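The following exercises are to be worked through with the sequence and the coordinates at hand. Each task is followed by a solution in steps.

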Amino acid sequence: DIIPFVTVQCPFDSSVKGLAIEILMKINSMLKTQYLNGKIIDKCTTDTLISQISTIAINNIGVLIIDEIQNVTGWEHFVNSYSQNFAGFLTQLINNSGISICMVGTPESVLFFEGAEHLARRTMGLKYTTLSYDEYFKNICNILFRYQYTIKNATINEEFYKWIYDHSCGNISIVISLLHDAQEIAIMSGVSKININILNEAYQNRI
């Protein structure tokens, strides 16, 4: 069986063993396997866990996604060796498994990658930030407005563009949440289509 994506979250304390255990637990859940149990957790070293994850990854995983990677950049992690251990763990996992690993985090995570040259060489460093108010932003809004599930479809215009940008600051995640929640409120309220008033209600009550 192939798992296209495995998504895990970086532990708050940057525990390498904690992350390795979470990866194996997620694999167990998705493949219905027993790669991890209480006895293994007690006896296995971090290196053993990495080796096991790498072997499974080669055969079963397409992409490993590690979210909240900025958790390794807290000050308490710089005064000890946690961040260095974590960088070593990721480097070893990349080298041994041969699969693609996507690390997702806030801008603070740049500090982590800049401080680990051997890891920086293995990453693309793609950054997705807020958008400017331009035709590209408007085109994304046009695409999102195709997904309307109210009785009637609202027609997007300059008023919608400006309101959405002013209330999202160009953050696409917020734009999607606003349009989703506005439609939900409209449907539950018996309103046939979204409008600026419904969007305002979604912003005030949900965002």
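In this predicted model, residues 24 or more positions apart account for 71% of the contacts in the chain with a separation of 6 or more. The exercises begin with the fold and proceed to individual residues.

**Exercise 1. Secondary structure and burial**

Task: State how many helices and strands the chain contains, give their order, and report what percentage of the residues count as buried.

Solution. 
1. The chain contains 11 helices and 3 strands.
2. Their order along the sequence is β-α-α-α-β-α-α-β-α-α-α-α-α-α.
3. The chain has 207 residues, and 39% of them count as buried.

**Exercise 2. The packing of H1 and H3**

Task: Describe the geometry of the H1 and H3 pair, and list the residues that make the contact.

Solution. 
1. The axes of H1 and H3 are 10 Å apart and form an angle of about 35°.
2. The crossing of the two helices is left-handed.
3. On the H1 side, the contact is made by Val16, Lys17, Ala20, Ile21, Ile23, Leu24, Ile27 and Leu31. On the H3 side, Thr46, Leu49, Gln52, Ile53, Ile56 and Asn60 take part.
4. An α-helix has 3.6 residues a turn, so residues three or four places apart point the same way.

**Exercise 3. Ile50 and Ser97**

Task: Is Ile50 buried or exposed, is Ser97 buried or exposed, and which residues does each touch?

Solution. 
1. Ile50 belongs to helix H3. Its relative accessibility is 2%, which lies under the 20% cut-off, and Ile50 therefore counts as buried.
2. With neighbours within four places in sequence left aside, Ile50 is in contact with Phe89, Gln92, Leu93 and Asn96.
3. Ile50 and Lys17 are 33 residues apart in sequence, while their C-alpha atoms are 8.9 Å apart in space.
4. Ser97 is in helix H5. Its relative accessible area of 5% is also under 20%, so Ser97 is buried.
5. A polar atom of the Ser97 side chain lies 2.6 Å from the backbone oxygen of Leu93.
6. Not counting residues up to four places away in sequence, Ser97 touches Ser54, Ala57 and Ile58.

**Exercise 4. Helix H9 and its ends**

Task: Determine which residues of H9 are buried, what they pack against, and what is found at the start of the helix and after it.

Solution. 
1. Helix H9 spans residues 158-168, and its buried residues are Phe160, Tyr161, Trp163, Ile164 and Ser168.
2. These buried residues pack against helices H8 (135-144), H10 (172-189) and H11 (196-206).
3. At the start of H9, a side-chain oxygen of Asn157 comes to within 3.1 Å of the backbone nitrogen of Glu159.
4. After H9 comes Cys169, with a positive phi near 55°.

**Exercise 5. Positive phi values and cysteines**

Task: Where do Glu68 and Cys169 lie, and how many disulfides does the structure hold?

Solution. 
1. Glu68 is not a glycine, yet it has a positive phi of about 55°. It lies in the loop between E2 and helix H4 (75-78).
2. Glu68 counts as partly exposed because its relative accessibility is 28%.
3. Cys169, likewise not a glycine, has a positive phi of about 55°. Its place is the loop between H9 and H10.
4. Cys169 is exposed because its relative accessible area, 53%, is over 50%.
5. Cys102 counts as partly exposed, at 34% relative accessibility.
6. The structure holds 0 disulfides.

Methods
Residues are numbered from 1 along each chain as its sequence is written. This is a predicted model: local features need pLDDT of at least 70, side-chain atom pairs count only at pLDDT 80 or more; totals for chains, interfaces and linings use all residues. Side-chain values use heavy atoms; hydrogens and water are left out. A disulfide is a pair of cysteine sulfur atoms within 2.5 Å. Buried means under 20% relative accessible area, exposed over 50%, partly exposed in between (1.4 Å probe, protein chains only). Helices (H or I, at least four residues) and strands (E, at least two) are DSSP runs, numbered from the N terminus. Contact means heavy atoms within 4.5 Å. A polar contact is a pair of N or O atoms within 3.5 Å; within protein, one must be able to donate a hydrogen and the other to accept it, and residues adjacent in sequence count only if both atoms are side-chain atoms. Axes are lines fitted to C-alpha atoms, for helices over the stretch in contact, and angles run from 0 to 180 degrees between N-to-C directions. A crossing is left-handed if the near helix is turned anticlockwise from the far one by less than a right angle, and right-handed if clockwise.
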